[in-house]
Amino acid sequence: MELALDVQHIAKSYGKKQAVKDVSFQIHQGEIFGLMGMNGAGKTTILRMLATLLRPDSGDAFIAGNSIVQTPEKVRACITYLPDEAGAYRTMTGKNYLQFIAGLYFKDEKQQKECFSLGEEICGLGDALQQKINTYSRGMTRKLVLARTVMPRPKLAILDEPTSGLDVLNSLDIRKIIRQCAEQYGTAFLLSSHHMQEVATTAHKAAIMKDGVFLAEGSPQELLQQYQAETLEEVFEKVVRNS
Amino acid sequence: MIHLLKKELSELLNKQMLLGLLLSFILIILFGSIMTSSVTETVDDTGEVHIIDQDQTNFTEQIKTHLEQQGYTVLIINENETENFESELSAHAWSDAVVLPEGFTDCLLNQHQLCQIQSLTELKTTSSIGIAFGNTGSAEIVSSAIKEILSETYLVDELSFIENPVEVTPYTIANGKIVQASSTALIGSLSMFDQLMPLILFLLIILTAQMIISAVATEKMDKTLETLLSSPVSRSTIICAKMLAALITALIYVIVYGSSFFIAMLFNVDNAADNINIAEAFTGLMNTQDALHTLGLQISFWGWIGVIAQLFLTICISLTASMILGGLVEDAKGSQTASMPILIFTTFPYILSMISDIRNMTSPVKYLLYCIPFTHTFIATGCLRFHNYGLFWGGMIYQLVFLAVIAFAALKLYQSDLLFTHQFASKKNKQS
């Protein structure tokens, strides 16, 4: 499988605090990679560096062969980023929002329409797309912004806490969408999450972070075997407490 | 109660707010003292009466003594021959004067006729407030003094003569030229543009700044800015689109505000113009438009193009500065105070240009105000009307350079970590 993301020794500091220390990992096309860690572990910093919003102090990452340091504008053409708790333009209707995002990624009208249709299908909001976003529930907004993240069929979709604050059913719907898009369109996903169950059921690979470094990395099954645990929560506890 | 109060205060009095407050404190003291000294300077002048005495009689001496007894400082030029009043005023740095012509005393005391005196007013600014501050009203003061002297000292029988012994012929001086016209009438006809334009500009700057700062801050809070900045659209396109949208919205506001002011002022000016025309017909004063033309106070077509260009540059500067301030906002509270620097840097040049002539202020103050790019637009029409072309075009070049510098800074900010971290990044990796 083709490499979608190749992270090579990236590091980032905020003043004296080292948020990310020499992290390297890879994600292949169609693969879902889950980043787990406590608050302040450095997950969001990694995602923001890969989304070209922050510049790594050292190291580099290549998305579809493009360097986030040397050619960030090329990187932006093959990624999408969903920040934690991200909102949408509240005065727009859901339909207008998806059309607006499609317009950012494609100049050709036909491609824009295809992109929008995919977004419309993925979010599953039906007639509600005609309503303004400020009338949406949290779950509806999250489905809408997830749809806009995957509808341009990026090489890599970066999702920060995609199900944060959602109820069980909405969370299940979101996970289903992520898996479907990875399988159908070959999109690689990098997602951060506090929910071990989410990572266990969604991700092909996972990593546990603490204080800016990867303490453990592998498929959920490999991690369970390696740490002789029944759940990823147990693995997480063992890894973090023993570090 | 104390517990809650502490919590509320700690939320309201954050580091960003205190820093903004400190900056405002320094700027208000600085500009406040400039305004105070400017007003004091002009108020000091209002105790002066300027007389060009071509008659030089005991009676004209008596006028001087009478005025001094009333507490005025009377400054007199005893000139028999001079007709070049504009250079006399300029040489003595007077903004106005009254001319007592040769034979004035004879006319008044022996012939008991309505006697002519001339009122000279030099226009240095087109702000009616500035003129009201700067003009000492010498003609009115001397006329009253003559009436008082006649009624107290000279027992003239004709009551109607004592009530109205002199007729004041107004002369206006500007750009080294003189016309027989009332300065009030000339200013009235210019105030439409020269006072309305700075007001509209002031509103425009404040509106656009507020719009941009709150738009960027909202995008940051909603994290839609992160979505935009990670999309395949260049940062400069994002910045330009935001600025252009604010500019268009602001222009709509300005058209609505401006047209309402224009209609209201047009109504008043029409009435005033009717009165002026009647007065001109009776007194033989020069037609207002002819007078403006003779004095060189009219702005050419290319001059207006230059004024519009400065307006546009000023708005662009305000928008770009607001993009920077909005980008540095950390939370919703910060967005409320972020526009303070723009508000201060706009308000003071605006007020000072209304109440004083910035071009004639003392050097350090003047140059300090010239450093604020908005100042140049507030004084633009004044520069053109009073033929200060160097300052006008120099101001425009300065605005262009200023815009280029802050546009570069805005672009760098939106390409940097500072937007999200509010900390300067180390320079190990250079991102293109």
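Reader: Which residues in α14(B) meet which residues in α20(B)?

Author: In this predicted model, Gly306(B), Ala309(B), Gln310(B), Leu313(B), Thr314(B), Cys316(B), Ile317(B), Thr320(B), Ala321(B), Met323(B), Ile324(B) and Gly327(B) make up the α14(B) side. They meet Phe392(B), Met396(B), Gln399(B), Leu400(B), Phe402(B), Leu403(B), Ile406(B), Ala407(B), Ala409(B), Ala410(B), Leu413(B) and Tyr414(B) in α20(B). Contact requires C-beta atoms, placed from the backbone, to lie within 7 Å. The residues of this contact divide into 18 nonpolar, six polar and no charged; Ala, Val, Leu, Ile, Met, Phe, Trp, Tyr, Cys and Pro count as nonpolar, Asp, Glu, Lys and Arg as charged, and the others, Gly among them, as polar.

Local features here need pLDDT of at least 70 and side-chain atom pairs pLDDT 80 or more, whereas totals for chains, interfaces and linings use all residues. Residues are numbered from 1 along each chain as its sequence is written, and chains are lettered from A and ligands numbered from 1 in the order in which they are written.

Reader: What makes α14(B) roughly parallel to α20(B)?

Author: The axes of α14 (residues 301–328) and α20 (residues 389–414) of chain B come within 9 Å and cross at roughly 25°. That angle makes α14(B) roughly parallel to α20(B), since the term covers angles under 35 degrees. The crossing of α14(B) and α20(B) is left-handed.

Reader: How do you know that the span of helix α3 of chain B agrees with its number of residues?

Author: The expected span is 1.5 Å times one less than the number of residues. For the twelve residues of α3(B), 58–69, this gives 16 Å, and the end C-alpha atoms are 16 Å apart, so the two agree. Gly71(B), with a positive phi near 100°, follows α3(B).

Reader: Why is Lys223(B) called partly exposed?

Author: Lys223(B) has 19 other C-beta atoms within 10 Å, so it is partly exposed. Its place is the loop between α10 (196–222) and α11 (224–229) of chain B. Lys223(B) is not a glycine, yet has a positive phi of about 65°.

Terms used: Axes are lines fitted to C-alpha atoms, for helices over the stretch in contact, and angles run from 0 to 180 degrees between N-to-C directions. Helices (H or I, at least four residues) and strands (E, at least two) are DSSP runs, numbered from the N terminus. Angles under 35 degrees count as roughly parallel, over 145 as roughly antiparallel, 65 to 115 as roughly perpendicular and the rest as oblique. A crossing is left-handed if the near helix is turned anticlockwise from the far one by less than a right angle, and right-handed if clockwise. Two residues are in contact if their C-beta atoms, placed from the backbone, lie within 7 Å. A residue is buried if 20 or more other C-beta atoms lie within 10 Å of its own, exposed if 12 or fewer, and partly exposed in between; C-beta atoms are placed from the backbone.
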